[in-house]
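Let's take a walk through a protein model together. Have the sequence and the 3D view ready, and follow along as we go.

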Amino acid sequence: MTKRPEDLRSARWFAPDDLRSMGHRSRAMQMGLSPEDWQGRPVIAIVNTWSDLSPCHHHLRDRAEWVKRGVLQAGGMPVEMPVHSFSEQFLKPTSMLYRNMGAMEVEETLRAHPVDGAVLMGGCDKSTPALVMGAISMGLPFVFLPAGPMLRGNYAGRVLGSGTDVWKYWDDRRAGVIGKDDWDGVQGGIARSYGTCMTMGTAATMMSIAEALGLTLPGASSIPAPDAGHKRMAAACGRRIVDMVWEDLVPGRILTRAAFANATAVAMATGCSTNAIIHLIAMARRAGIDWGLDDLDRIGREVPVIANIRPSGSTYLMEDFFYAGGLPALMAELSDRLDLSALTVTGRTLGEEIAGAKVWNDDVIRPLANPVYHEGSLAVLRGNLAPDGAVIKPAACDPRFHHHAGPAIVADSYPELKRIIDDPDYPMTPDHVLVLRNAGPQGGPGMPEWGMIPMPKALLKQGCRDMVRLSDARMSGTSYGACVLHVAPEAHVGGPLALIRDGDVIELDVPARRLNVRLTEAELSARRAAWHPPPPRYERGYGWMFARHVEQADKGCDFDFMRTDFGGPVPEPEIF
């Protein structure tokens, strides 16, 4: 133990014999608490993203009670504090628009209250990076409690995977292969319990990254949400955070460059979501670590995909991954590619935590000698069309598109794109490159997940199920196909994507990591000179602030003023 009771941050509120602290104690007693609840005890914030419109987090109201149990068992004082719920399904235009706002809310919630440490409860896509980014910036000890994946889906005897089968069966319906009855059956069977998407989408990816960073208890990211073990894990988080406060185990001791290298390697091995790139960069920059696209691509070339989980894998889902040994087993298989000396929230090293982890099904978690894909999940592309980078998921698309050149069909907005893809007679071939622009951080706004462009009806009726699609948007981690995403700079700010016209030939070379348009620099310069910026999306409010301060995809889409290097540390609040 390195801290004494009088060193607790919360003691600034409760301990002094003065007027203001008497008010704090009095109001605590107003809620039925007694001095025995706070005297000499760490105050633990249970930061909860539950809401009635967050199906992935629908169980977190219950899990908060299990965390409280653990905090009390360890001699702490639990306080539940609600924050933004980040519902991927219901939050429009996109939850990404609110990730940074949520991070600010978490940071300021922890700073402004008498809190010594925190358990962060989340899992649905943007909740994990938002919670972690805010807690990093605050700097208090914290444990991340993953919401966990839902049970596998089922309809008509077929296993269904979140998102991945939505796209598949939507293409089938638009192609006339299935009717409304089957579509409604998929609708009722694909999400059978609370918890996050059970494919290796953004939720599972970010929960796995949190564990690989050392921010969760061992194995926590893989436990299915309805499993009884999830409740026990929640209580264990409560017990552990109390000890972390006494040990003064702050995030700065855990989140090193080695931790982010480990997290990137693990993400690549899982067949991770393309969104991992944006969030990893943003979290690293909050931690003061210089981590960028080149680091991600370098590790992606070295670490193969070994988790046979859809959509990069062919068969299995997160429930199967858990039974096969979960993330500890995958990291043990990957141990030669990891820095095992990295510290975790347990106070032990990563190597100590994964020692003895076993793979129980080597088709779900493959050995390095038999990978799902020979390189990592993601590849970073550059060229005259994406000078600051773009991203593709080679393992989840038809290999014939890894080398491709074709004429562009350009849509300036999603409504325009919808008219193209819904026209069964639109003149196009499988060699065309379908381009959506003005869907980036500022153009979307918020960089919505429009990059998983549905296959056009004109090609579906020909039996085609993949084509090269290009955008400055993101796509759901549950998606698949030859989708080039995150083109930076985005079109809305005058990036080269804004200059493309119908018929321009787009060249994609995944092995060489190149993305170009066959235009001379003179032609691009002439078009740039004639380009006019679009009108702003917002004229007031949060959206106005977002547009003026959000950074581009290659920098993690954080606010410029939230970077660690923007200014000096924020002081503790005055208490007078």
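## Starting with a glycine

Is Gly 219 buried or exposed? Gly 219 is buried, with a relative accessible area of 14%. Here, buried means under 20% relative accessible area, exposed means over 50%, and partly exposed is in between (1.4 Å probe, protein chains only).

You'll find Gly 219 in the loop between α9 (202-212) and α10. Helices (H or I, at least four residues) and strands (E, at least two) are DSSP runs, numbered from the N terminus. Leaving aside neighbours within four places in sequence, Gly 219 is in contact (heavy atoms within 4.5 Å) with Glu 211 and Pro 328. Phe 322 sits 103 residues from Gly 219 along the chain, yet their C-alpha atoms are separated by 8.7 Å.

## What kind of model this is

This is a predicted model, where local features need pLDDT of at least 70 and side-chain atom pairs count only at pLDDT 80 or more, while totals for chains, interfaces and linings use all residues. Residues are numbered from 1 along each chain as its sequence is written, and side-chain values use heavy atoms, leaving out hydrogens and water.

## A four-stranded sheet

Now look for the open sheet, whose four strands come in the order β2-β1-β3-β4 with parallel pairing. Strands β2 (77-82) and β4 (142-146) are at the edges with a single partner strand each, so one side of each has no neighbour in the sheet. Neighbouring strands are turned by 20° against each other on average, direction ignored.

Two strands pair if DSSP finds at least two bridges between them. Strand β1 (residues 43-48) and strand β3 (residues 117-122) have five bridges, and Val 47 has Leu 120 as its bridge partner in β3.

Helix α6 (residues 127-138) packs on this sheet, touching β1, β3 and β4, and makes about 165° with β3. Such angles run from 0 to 180 degrees between N-to-C directions, with axes fitted to C-alpha atoms, for helices over the stretch in contact. Helix α10 (residues 228-247) lies across β1, β3 and β4, at about 170° to β4.

## The nonpolar cores

A nonpolar core is a set of buried Ala, Val, Leu, Ile, Met, Phe, Trp, Tyr and Cys residues joined through side-chain atoms within 4.5 Å. The largest one has 102 residues, and Leu 110 and Leu 330 have the most contacts inside it. Helix α10 gives this core its largest share, nine residues.

Another core, of 29 residues, lies apart from that one, and includes Ala 386, Val 433, Ile 500 and Val 517.
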